[in-house]
Amino acid sequence: MSALPLSGIKILDLTRVLAGPLSAQMLADLGAEVIKIERPGGGDDARAFGPPYLRDPEGKQNNNNSFYLCANRNKKSVTVNIASPEGQEIIRELAKSCDVMMENYKVGDLKRYKLDYETIKAINPGIIYCSVTGFGQTGPYAPRAGYDAILQAMGGLMSVTGHIDGEPGAGPMKVGPSIVDYMTGMNSSIGILAALYHRKANGGEGQHVDVCLFDTVIAALSHYAQIFLVNGQTPPRRGTWGNGGMPAGVFRCTDGELMLVVGNDGQFQRTCAVLGAPELATDPRFVKNNDRVVHGKEIMAIFAGHFLKKPVAHWLEELEKAGVPSGPINDFSQVFSDEHVRSRGMQVKVDHPFEPDLSLIRNAITFSGTPVKEYRAPPLLGADTKDVLATIGYDAAKVEALKAQKIV
């Protein structure tokens, strides 16, 4: 089997919580050696974000919770107190041999410790230094801390998410998962990979990559934001309605709900036939998709009445036969028991010290020549400190002395 795509790339990861760690995890999955720097004693802030935690074999409290586990596989954990001069020297020594350094501290924080880009660049000119923040390295908000939910609000995502105005519970709504963190992690990975390619193709020059949640969420609004830029109007909240083809949304059946997206006029004609109402396809209000968008409330109400007549399974089967995109509204249990999800191997097993058959979510990228097949469990806090520090000349006695001083 071929080596993984990023084999030979070494990353020093000073990120915490979610966006940065997700990016570093992506790069680790692809074969990079990722050295995760954690605070002695407490570790990554994510470790304290609450249950569920894995069960310690001895019944002790521990810091291996789901929030941490989702973003830190395939890494090495090294504990270093970067507030101490000795700890700062360890980071600089490690950075000398790394291709990438990642951090998500508030703007200016690492400069106090001489761990900022200019300092690291002076000792390793080819380094790719990626800073992940809430608001970026420049601008009036740059000093602020930023969390996913705040950026969902400030970036406009919440303004277009939620029940349709006039419906019960209407108003701005947060997307459930930390989706801005996830997208920021993806952008960080793209930026790092692009910078690595530039360095290789254009003479070995490193650079500073600036990625933030605020930029990411605004860019991710894509066609929604483009509507505003074209006509100056913010799109209304659409609830479960689709964003292009119409009709599209959640429809209640006799025993549950399904999601339907009618993407074009041909699909609309076939859906009308499935519903036993072929005459709708020639109704002047609904013939073309633009017509159905204009008369959206009318067609959605008519479809709602038809779907109420039979169970979910009946409609899904008939819609699939007709080639119309639709699907059940699955909870997580249904997702991970779905035959297609199982065939794609989206749940992987790793050997964790506390749980020998721990389930994780696999990397979503599939390669034909360099597949990601092996996953290592997210490390226990400081599990690799001795081994990694040995690579920069710290013998066991020196590590023990630093440990006694709470530097590592």
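## Helix packing and cysteines

Helix 1 and helix 7 lie oblique to each other. The model discussed here is a predicted one. Helix 1 spans residues 19-29 and helix 7 spans residues 179-201; the two pack at an angle of about 50°, and their axes are 7 Å apart. An angle of 65 to 115 degrees would count as roughly perpendicular, and one under 35 as roughly parallel, so the pair is classed as oblique. The crossing of these two helices is right-handed.

On the side of helix 1, the contact is formed by Ala19, Leu22, Ser23, Met26 and Leu27. Helix 7 contributes Asp181, Tyr182, Thr184, Gly185, Ser188, Ser189, Ile192 and Leu193. Sorted by class, the residues in this contact are seven nonpolar, five polar and one charged.

The cysteines form a second topic. A disulfide is a covalent bond between the sulfur atoms of two cysteines. How many disulfides does a search of the whole structure find? The search finds zero. For Cys70, the closest cysteine sulfur is that of Cys130, and a bond is ruled out because the distance of 18 Å is too far. Cys212 is likewise in no disulfide, with the nearest cysteine sulfur, again in Cys130, 11 Å away. For a disulfide, the two sulfur atoms must be within 2.5 Å.

| Residue | Relative accessibility | Class |
|---|---|---|
| Cys70 | 37% relative accessibility | partly exposed |
| Cys212 | 1% relative accessibility | buried |

Technical notes: Residues are numbered from 1 along each chain as its sequence is written. This is a predicted model: local features need pLDDT of at least 70, side-chain atom pairs count only at pLDDT 80 or more; totals for chains, interfaces and linings use all residues. Side-chain values use heavy atoms; hydrogens and water are left out. Buried means under 20% relative accessible area, exposed over 50%, partly exposed in between (1.4 Å probe, protein chains only). Axes are lines fitted to C-alpha atoms, for helices over the stretch in contact, and angles run from 0 to 180 degrees between N-to-C directions. Helices (H or I, at least four residues) and strands (E, at least two) are DSSP runs, numbered from the N terminus. Angles under 35 degrees count as roughly parallel, over 145 as roughly antiparallel, 65 to 115 as roughly perpendicular and the rest as oblique. A crossing is left-handed if the near helix is turned anticlockwise from the far one by less than a right angle, and right-handed if clockwise. Contact means heavy atoms within 4.5 Å. Ala, Val, Leu, Ile, Met, Phe, Trp, Tyr, Cys and Pro count as nonpolar, Asp, Glu, Lys and Arg as charged, and the others, Gly among them, as polar.
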